[in-house]
Amino acid sequence: MKYISTRNTASVASAAVSVATGLAPDGGLYVPSEFPALDYKSLFGLDYAARCDKVLRAFFDFNVDGIAKEAYAAFDGDPAPVVKLDEKFFVLELWHGRTHAFKDMALSVLPHLLVAAKAATGDQSHSLVLVATSGDTGKAALEGFKNISGTECCVFYPTDGVSRVQKLAMQTQDGDNVCVMGIDGNFDDAQTAVKKAFADVELNKKLNKNGVELSSANSINIGRLVPQVAYYFSSYCDLVEAGEIKAGEKVDFVVPTGNFGNILAGYYAKKMGLPVNCLVCASNKNKVLTDFIETGIYDVNRDFYKTTSPSMDILVSSNLERLLFEISGRDALLTANRMNELKTKGRYEVTESEIESIRETFACGYADDDEVADAIADMFDEYGYLIDTHTAAAYAVAARRGYNRPTIVVSTANPYKFAPAVLSALGAGGHGEVDKKTFDKLYDETAMEIPESLANVFDAPVRFDKTIDKSDVIAFISERFGE
Ligand SMILES: *Cc1c(COP(=O)(O)O)cnc(C)c1O
């Protein structure tokens, strides 16, 4: 299987090069030259890791032996269980990994893929993975990369821009090949500093001389997207095997989305032959994607809101580029032009027939913070089932639609990850800074088990407590990893 760039189909790369480099040289995203077919029936009777293994093999022709098995061994039980809440209403839980959120599904696999891809290309350099994070991705990347030989993971977060629990979780990170650094500034400053490091010729020269190459764990890497395809297949198989749906019956997925990565994997699954009827894109108050699906206009010239579902507080959804590429009939020039318009004007528009073809598969909806809180309370009252704020946005959208056909709501975080907002949704919030007592309170309200590793951050020793100015990031990397 070859990969092509969304901005230049003549730019062709092997699977190994696509994973190892992350981004095409023209700035486009790598997509498979054609979608491999996968018969879901061939996944019956397999456990999650074995199903994921089949998906990896469908996309990657380098050696992926044992990768899925090793990655998902770190999970607590079934990595992607499906819970039945009502007739035709199911929840797919994607938060049984080390950091208790959906990012673990891909970031547990990506480090192994990166090592395998580099072995395939004969690249013997040490990979220095730079991550700018607003909280969740950084922790998931640290857990995914820790102690993976041949890699080093360095995370930059805005010192005053993440929650206390997120900060402590990163500052207390274990592992020999990790580092965590606060940046004076906001998330964009951290992101810009990291982008500058990638573009800094002098820095890269110095690192290369020392056998180090920069690498990215960003969600635009095809190596992050492909592992996510597996849970769409797996949940479908689980429902057929449990007798909840008939083989071949079409289902709807309702997906809380920010960067369009989670839901795009569902689109890929459908392209590969999974019987999916509709993919419902659920946004929070930053509803740029909902507006796009409704109007055909993508426009980031709007207010940005900080919501109770921060992992979906995104205006530029990078992975949408891959969908644009497909619905334009794989027109790379048109896709490149649109991405250029987005960069220069913050806006682009697709044609009437393109938006119609998007609506053949995608529906959309959004929930603001009040609706999210109501959804958490409703879900708990109605089903005794606790959800986090991101999942609640999807549930609010799903409940409005009703369950005319089997509907799977994708659940992306353990509620304890967003304990203060969940507590206040249940009418028990409002007691200051989050600490262990916040978790105990949520336990008292709901009797849901507290994830040990989340509670432990309050006692674990802090290993990384430094903050540097954004202008010092390159000097820091250079000193630490160049000679
Ligand atoms: C990242 C994230 C999402 C959104 O996923 P995308 O790939 O950005 O669409 C939803 N919920 C949680 C908890 C997340 O961490």
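How many salt bridges does a search of the whole structure find? This is a predicted model, and the search turns up 23 of them.

**Exercise 1.** Work out which residues Glu143 pairs with, and whether Glu143 is buried or exposed.

*Solution.* Start with Lys139: Glu143 makes a salt bridge to it, with the closest N and O atoms 3.6 Å apart. Both sit in helix 6, four residues apart, about one turn of the helix. In general, an α-helix has 3.6 residues a turn, so residues three or four places apart point the same way. Next comes Lys146, whose side chain meets that of Glu143 in a salt bridge too (3.0 Å, N to O).

Now for burial. The cut-off for buried is under 20% relative accessible area. Glu143 has 9%, so it's buried, and Lys139, at 14%, counts as buried as well. Lys146 is also buried.

Finally, zoom out: Glu143, Lys139 and Lys146 belong to a salt-bridge network that also includes Arg98 and Asp174.

**Exercise 2.** Find the side of helix 9 that holds its buried residues.

*Solution.* First, list the buried ones: Leu203, Asn204 and Leu207. They cover an arc of only 95° around the axis, so they lie on the same side of helix 9.

**Exercise 3.** Say which helix gives the largest share of the negative patch.

*Solution.* The surface patch gathers Asp86, Asp370, Asp374, Asp378, Asp381 and Glu382. Helix 16 supplies the largest share, five residues. Asp374 lies in helix 16 and, at 48% relative accessibility, counts as partly exposed.

Methods: Residues numbered from 1 in each chain as written. Predicted model: local features only at pLDDT ≥ 70, side-chain atom pairs only at ≥ 80, totals over all residues. Heavy atoms only, no water. Patch = residues over 30% accessible without salt bridge, like charges linked within 9 Å, V, L, I, M, F, W, Y side chains within 5 Å. Areas by Shrake-Rupley, 256 points an atom, 1.4 Å probe, with all protein chains shown as cover. Salt bridge = Lys/Arg side-chain N within 4 Å of Asp/Glu carboxyl O. Lys, Arg positive; Asp, Glu negative; His and termini not counted. Charge placed at Lys NZ, Arg CZ, Asp CG, Glu CD. Helix = DSSP H or I, 4+ residues; strand = E, 2+ residues; numbered from the N terminus. Buried < 20%, exposed > 50% of the residue type's maximum accessible area, 1.4 Å probe, protein only. Arc of directions from axis to C-beta.
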